[in-house]
Amino acid sequence: MLHHPTAIPRAVSSAPSANAREEEKPRYRPDIDGLRAIAVTSVVLFHAGLFPFRSGFVGVDIFFVISGYLIGGIILRGVASGQFRFVEFYARRARRILPALLLVVAVTCVAGFFFLSAAEYRGVGATSMSALLGTSNFSFWRHQDYFDPDSRLSPLLMTWSLGVEEQFYVLFPFLILATTRLAPGKTLPVLALITAASFVFSVWCTAAYPTSAFYLLPSRAWELGAGATLAASEVWRTNRLRPDISSSMRLRQVLGALGLVALATSIFLLDPVEPFPGLFALLPVAGTVALIWSEGSLVNRWLLSAKPMVFIGLISYSWYLWHWPLMSFISVISVADPPTWLMVVAGGLAFGLAVLSWRYVEQPFRIVRSRPLKALASYAMTLAAVLAVAAAIKFGEGVPQRLSAQANQIDATMKAGRGDCVAKFTESSPDKSPECVLERKGRPTVALVGDSHAAALGPGLRHVTSQNNFGFWILTKSSCGPFPGAKDTDAMSNFGKSCTNFMNEVFQTIANNPDISTIMIAGFWNSYRNMGLDNFRTALGGSVALMRAAGKQVILVGDVPGWQFSPTHLEYAKAIPARGYLARMLWWTEDHPFPSSGISAMTEPDKLGMEAAVKQVALEHGADWLDLRRRFCSSAGCLFEREGELLYFDRTHLTTIGSRFAVEGFVFPAR
């Protein structure tokens, strides 16, 4: 029978016997290290961009279940035996987590000093503080979408999952202790109920607030809870002398095979653009639970317990920590997208660092047997020292004094940003703040509609309309085509719905507003090539016809040239010596030298003729055509920099300066 001590103070403060301490420790299972190997390898190769691991990010979900099972089991057994002590528990967690994390954070801060701009380095300081305080999932939730291509530029992004686990470690002991006091004998059903509730919440939150669902504990708790519930069922069976329902070897063989198939399917076949976690996380979570439960099966004994798998599992924590900063720094330093082979090499280098880190950092600190309070005090002092360095970096604004004026000027241009009147993925209505909507009584008003490329033209439109004493409306949504009524092609249904609602509202608002005389329709036209040329022309033509029928003058805007490299990274490489040296090694060759001026011919080709299709729609439907490529390009190439000032924020979006240059001198119809 499962013993639930009612004297909670004794469970927290009494000195445990040696036997009780041994009972708290989970029995070592090499197959669980094999599961860790699958988890970390899938994550690393997904981040390297290796195609078969198209959804390898689910490795984190595997880790969550394992942590819930192992750590939950330690807490449950300790509380059940009346010997759980917070100080000892957190001392063990500190020994497990902090040594390698402190090392990786410190090395990242040192590397950033030499290779990063002030703004980038300030970001490293801020995320280092969050990582060390166990709150990095909150930090990235506010500022960084995990699946955004720019996420690869955050060297400590991988620590978001540590934040989720650490918050679990803080809350779970209190949950178990409260359950033993308020509902003795009901730990297993309470855990199962909380896990189910978290899963339901996760499914809802993934559809409504996908970024929150991805990063925050309430929508991830069910994954940790699945492992903890499995551990609770084992404790319950042990104390009540009940047989394991999977004690039949035949059943274990089936569970092992099904679990392996579930993990393989989730790693190799899930569509990475589907909302996650939600329903899709059921596959890796269920597969992990099945494989933990199927101990002794052929899969567990011959695959998961194989020596290479076990060894990778042993170093998995260090490998997880090291791989992302290395890959991130390569992405930051590279002027063009680093090739997959280079990222795989970075993963291999991280593996070597992980072996060293496991052998000389993780292992020695785990073996040290200092008293728990003394251990916690030592870790607290070390943590405070590294935190102080990170805080100095953050509040010192990235130490700009170490850099040239040129590098700091690039930072200033980037800080000015690009168009700011752009609705985010989950927003269905346009921003109508004074920065985005301004009408001047008795004067014409110009509306700008489209996606983030249209938004990037917003600062230029504000400037030109103010010179002409015109009003303006800037109504844009990221990745959302200006096609009212057309079915969105994005696979993320929640985004497709918000995009459709957004554009329907925008076009209806413009049609019903007599003060808006002119509408500019702009976009990242090449991004809609998956619609097919005919469907694209039909959808865009419908938008023009709708506005023409409402009596509006329509201007279709050709897109600015996109680049095969990042103009911003190129300029940083020129301005930061160490960064430039590595950038030349990683990408530039004699055939592709650093452009000596702000002109280059290395623009992205218009493979399907999308620009020509936009121009054709303008001619067929009586719209004006504004060709921005003529503004940026000549026979010598295209401009990405002008008079020492960057025109591009990234490969395709204009800076505020670039936006003004794009529409400078343009004359709107005065009616």
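How many disulfides does the count come to? I got three disulfides, bearing in mind that this is a predicted model.

I picked the link that joins Cys421 to Cys436, where S to S is 2.1 Å. That sits within the 2.5 Å cut-off for a pair of cysteine sulfur atoms. Next I looked up where the two ends are.

Entry on a sheet. I found an open sheet of three strands, ordered β7-β10-β9, with antiparallel pairing. Which strands are at the edge? They are β7 (599–600) and β9 (633–634), each of which pairs on one side only. I followed β7 to β10 (residues 637–639) and found two bridges joining them. For Ile599, I noted Leu639 in β10 as the bridge partner.

Entry on two helices. I looked at α21 (residues 458–467) and α28 (residues 656–663): their axes come within 7 Å and cross at roughly 55 degrees. That angle makes α21 oblique to α28. The crossing is right-handed. On the α21 side, I listed contact residues including Gly458, Leu461 and Val464, and on the α28 side Ser659 and Arg660 are among them. Sorted by type, the residues of this contact of α21 with α28 are four nonpolar, five polar and one charged.

How values were computed:
Residues numbered from 1 in each chain as written. Predicted model: local features only at pLDDT ≥ 70, side-chain atom pairs only at ≥ 80, totals over all residues. Heavy atoms only, no water. Axes fitted to C-alpha atoms, helices over the stretch in contact; angles between N-to-C directions. Helix = DSSP H or I, 4+ residues; strand = E, 2+ residues; numbered from the N terminus. Parallel < 35°, antiparallel > 145°, perpendicular 65-115°, else oblique. Left-handed = near helix turned anticlockwise from the far one by under 90°. Contact = heavy atoms within 4.5 Å. Nonpolar A, V, L, I, M, F, W, Y, C, P; charged D, E, K, R; others polar. Pairing = 2+ DSSP bridges.
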